[in-house]
Amino acid sequence: LRSGRETVGSSTMEDDVSLKFRQQLLLIDENLVAEDVAALKFLCTDLLPFKKLESVESAVDIFQLLMAEEYLNEEDTFLLAELLYRINYHSLLQKLGYTKEKVQECLREKGRVSPYRQMLYELSENITNEMLKDIIFLLQNYLPKRRITLSALELLILLEKQGLLTENNVQMLEEVCMNVSPDLLETVNCYKRAKGEKFRFHSPMLSECVSKLLSILICLSVSIVLHLPNVQIHTGLTKRHLASLFLSLSALSVSASAGEHSATFFLCFLQKMTSYKMDGPHRGFCLIINNVNFGRSLQERRGSCKDAGELERVFTWLGLDVTTYTDLTSQEIKDLMQTWQQLQSHKDRDCFICCILSHGESGAIYGKDEELVSIRMIMSHFTAKQCPQLAEKPKLFFIQACQGKEIQCPVYVEADAQIPPLSSAQQSISPSESIPEEADFLLGMATIDGYVSFRHVEQGAWYIQALCSKLQLLVPRGEDILSILTEVNEDVSRRVDRLGTKKQMPQPAYTLRRKFIFPIPRDPPPS
């Protein structure tokens, strides 16, 4: 009798564990949207029967298939944790008893998603809608005759079905990437390097193109070395570097296999010529001015300290020396700009970044004394004439402040707007008018001129939180700052207050001459 009771008790306990496990899976399913389900399906392509995956409509369907194949059970949830990690859903890992760091530690030993599948998924994440249209146009002869709408993942699956794309044959992928966006090639290159292959163009036509481009570059290099005294200003490379480049290109051009082996070299050089130099001994300084408390009529900017902390963590991760100042008057802001303008250490740095969090009006921000400071005046301290140590180097300014009159907001959302009446001298100023009339500046405004910007009193400002999030996501992918700010615009434009009545659109303005690309940090993102 006792044995029977023990059996019943044990069975009940197992049922409870199983029920709790399935409840956790349901909670995870509720947090995933259709795009996430499509990503999970794609990542499971090498693990589950394809015909069964085709009928999947929800995350629960995938969980059922994984359990049926014994990839997932109450005692071993790592594969699901890996899948969530791969699609950057780190917040759901805790429901399985994992953290992002713990998953990273276990991947080498327990990871099941193949490097090939990871590469294809990463590639799909970097393919924009415009790129996808171009790719579909290029591959028209290989796609179904009837017009269908394809996502990047669906297109890759279709190519795999036709045998045009396999783990050991990514030639078509290379040629498409080269035609649409050479930046995408780096993802494929990383995969091939991991497999121990040398990257090469298999297409004779592409090989010939590369050889011709190398010849042109040799001629250009000679001209630059011989005739341009300010060569470093024009290219970011010294004469010595270009002389070395000339020898390298010459060697490649006489090589019998130059067309095959020089592609990566050529693309790296091309990126170097079209991007700001970011490989110096020090990345640069980042100033953060965080005005929270004000004198009389402006409200406390609750939630701003979270923004300042997040900016400090992200820019420190990106290699900058970050200094934060809190609650500065208008005169203190001007004095601070004067101090940093005169700093000789800029000459050893690649760039300069300044973030200002405050209340504001059109073309200006408030000091804690509720006096306005012109954004143009702040930026003009760092022109080539005023700060020659930063000449020809990128200077980035990010402003979290309203650019128009205050509006009534729900209790959970406040506006970074002014309360005192405007002086007659304060007129509407667009972001482009705030930038000094010379090259190498970028001004990222939280909102377009004349409108308020929103800040959650606990979670921080929409713009700053989106900026930090996109920097952490896209810098490791090699994206340039303008592409990142476009994604920030997309993120912020989708946000609304809890009543669904208030929206916001950021606006960057710039005089950058080249791409600004942060070097990829060795450490993982801070959050």
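**Exercise 1.** Between which helix and which strand does the loop with D440 lie? Work out, too, whether D440 is buried or exposed.

*Solution.* A quick word before starting: this is a predicted model.

Step 1: Follow the chain from helix 20 (431-434) towards strand 9 (441-445); D440 lies in the loop between them.

Step 2: Check the surface. The relative accessible area of D440 is 3%, and the cut-off for buried is under 20%, so D440 is buried.

Step 3: Look at the backbone. Most residues other than glycine have a negative phi. D440 has a phi near 80°, a positive value.

**Exercise 2.** Now try E370: which strands flank its loop, and what is its phi near?

*Solution.* Step 1: The loop holding E370 runs between strand 5 (364-366) and strand 6 (372-374).

Step 1: Its phi is near 65°, again a positive value in a residue that isn't glycine.

Step 2: E370 has 6% relative accessibility, so it counts as buried.

**Exercise 3.** Find S275 and say which residues it is in contact with, leaving aside neighbours within four places in sequence.

*Solution.* Step 1: Go to the loop between helix 16 (263-274) and strand 1 (282-290); S275 lies there.

Step 1: With its close sequence neighbours (within four places) set aside, S275 is in contact with R514, K515 and I517.

Step 2: S275 has a relative accessible area of 7%, so it is buried.

**Exercise 4.** How many aromatic pairs does the structure hold, and what geometry do F285 and W340 show?

*Solution.* Step 1: The structure holds 9 aromatic pairs.

Step 1: F285 and W340 pair edge-to-face, 5.2 Å centre to centre with 65° between the planes.

Step 2: This pair links distant parts of the chain, with F285 in strand 1 and W340 in helix 18 (residues 330-341), 55 residues apart. Both F285 and W340 are buried.

Step 3: For a cluster, look at F352, F382, F397 and F441. The charged end of K395 sits over the ring of F441, 5.2 Å from its centre.

Methods. Residues numbered from 1 in each chain as written. Predicted model: local features only at pLDDT ≥ 70, side-chain atom pairs only at ≥ 80, totals over all residues. Heavy atoms only, no water. Helix = DSSP H or I, 4+ residues; strand = E, 2+ residues; numbered from the N terminus. Buried < 20%, exposed > 50% of the residue type's maximum accessible area, 1.4 Å probe, protein only. Contact = heavy atoms within 4.5 Å. Phe/Tyr/Trp six-rings, centres within 6.5 Å; stacked < 30°, edge-to-face > 60°. Lys NZ or Arg CZ within 6 Å of the ring centre and 35° of its normal.
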